[in-house]
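Me: I am new to this structure and would like to learn how to read it. Could you walk me through a few features?

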Amino acid sequence: MADHMRVAIGLPSDATDEHLVFAKQLGCEGVVLATPARLPGERRWEYEDLVQLREWVESYGLRIEAIQNMPHAFWNKVRLGLPGRDEELENVLATIRNVGRAGIPVLAYNFRPDPLYRTGRKPGRGGAIVTTFDIELAQDRPLTFGRVFTAEEMWANYEYFIKAAIPVAEEAGVRLALHPDDPPGFDIGGVARIFSSFEAFERASHIVESPSWGLLFCVGCWSEMGGHDYVLRGIRHFGPRGQIVYVHFRDVQGTDGHFAECFIGEGNVRVTEVMRALKEVGFTGCLIDDHVPHMVGDTGWAPRGRAYSTGYLMGLLRAVLDLT
């Protein structure tokens with residue numbers, strides 16, 4: 001595993017050889033794979049398939065920095081505390097063991113079973129298409145899972161999961177990286193979103209204190225929660241403790257349930273300060289692009305937007321490392 005701050009790129013579920021060529025041409029050292037479709041399995045991921053995935057990425061001179069998110073069907077009963085969760089949990093633990101055995105260092109996850117992500121889209125700078133969220137448009141949704149799931153229930157479900165998962169992750173040599181709720185704060189579809197504040201992450205960090213527990217620090221989500229100062233607060237608290245596993249480097253315009261995504265550098269946060277803060281706290285993981293605007297000619301995964309964001313991050317990181 002590399003021991004320096006670096007830029008990787010997040011690839012889509014249906015990543016192809018062309019995506020890996022693209023990552024290499026951009027100068028990335030590694031990739032983050034989101035719920036890879038190349039991995040079969042309806043309940044868990046198997047060791048042999050994970051090895052093949054790693055070897056495929058390595059054949060392009062890259063490494064897998066992390067796998068981000070298991071399929072919802074693997075563990076929604078775990079997240080919701082429903083009957084059958086213990087069987088699902090055993091498969092999740094087997095997946096963690098297999099990820100480690102296959103030589104993949106990080107498995108990222110979220111504790112947000114309701115799938116709502118954004119409520120709309122609009123033209124951003126120069127007509128680039130960006131996503132938007134408006135809490136008023138989300139509050140009228142019916143109950144996603146048939147009833148209300150309170151914050152107390154969700155905290156109990158998280159504790160049940162993480163107390164079982166961390167010892168397995170430690171043994172397997174895997175870091176589990178928790179992503180914030182996105183959008184944060186408000187109950188949606190009757191499901192409480194418990195990972196939407198500094199206090200929540202601090203509480204979670206003490207349930208099972210371990211180097212295998214950490215954060216997927218999403219700058220955009222922290223910006224959604226409270227803007228620039230909130231982002232810096234999180235970095236300066238969790239960074240020196242070694243609890244930032246890797247970073248989603250994006251931003252939004254707006255907070256408090258009303259925001260729009262945007263290009264890096266035109267949102268709530270002062271990005272040079274954020275990059276400097278990551279360096280100052282000794283962060284040595286990877287940073288990836290995230291949720292990029294769709295630029296003219298972009299389709300699907302938005303390769304033009306990805307190239308812009310990745311190049312921006314590389315230049316910003318080089319400047320911060322060279323000048324500080």
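Reply: We will look at a helix, a loop residue and a sheet in turn. This is a predicted model, in which local features need pLDDT of at least 70, side-chain atom pairs count only at pLDDT 80 or more, and totals for chains, interfaces and linings use all residues. Residues are numbered from 1 along each chain as its sequence is written, and side-chain values use heavy atoms, with hydrogens and water left out.

Me: Which residues of helix α3 are buried?

Reply: First, the general idea: an α-helix has 3.6 residues a turn, so residues three or four places apart point the same way. Helices (H or I, at least four residues) and strands (E, at least two) are DSSP runs, numbered from the N terminus. Buried means under 20% relative accessible area, exposed over 50%, and partly exposed in between, with a 1.4 Å probe and protein chains only. In α3 (residues 72-80), the buried residues are F74, W75, N76, V78, R79 and L80.

Me: What covers the buried residues of α3?

Reply: The cover includes α4 (85-101), β5 (106-110) and α6 (151-172). Just after α3, G81 has a positive phi of about 65°.

Me: Where is S212 placed?

Reply: Look in the loop between α7 (198-205) and β9 (213-218). S212 is buried there, with a relative accessible area of 6%.

Me: What does S212 touch?

Reply: Contact means heavy atoms within 4.5 Å. Leaving out residues up to four places away in sequence, S212 touches I166, A169, E170, V174, R175 and L176. A polar contact is a pair of N or O atoms within 3.5 Å; within protein, one must be able to donate a hydrogen and the other to accept it, and residues adjacent in sequence count only if both atoms are side-chain atoms. A polar atom of the S212 side chain lies 3.4 Å from the backbone nitrogen of E170 and 3.1 Å from the backbone oxygen of V174.

Me: In what order do the 4 strands of the open sheet come?

Reply: Two strands pair if DSSP finds at least two bridges between them. Here the order is β6-β7-β12-β11, with antiparallel pairing. β6 (120-123) and β11 (252-253) stand at the edges with a single partner strand each, so one side of each has no neighbour in the sheet.

Me: How many bridges join β7 to β12?

Reply: There are 3 between β7 (residues 129-134) and β12 (residues 258-261). F133 stands opposite F259, and T132 opposite A260. On the β11 side, 2 bridges join β11 to β12, and Q253 has A260 as its bridge partner. The hairpin of β11 and β12 has 4 residues between the strands, and G254 takes a positive phi near 110°.
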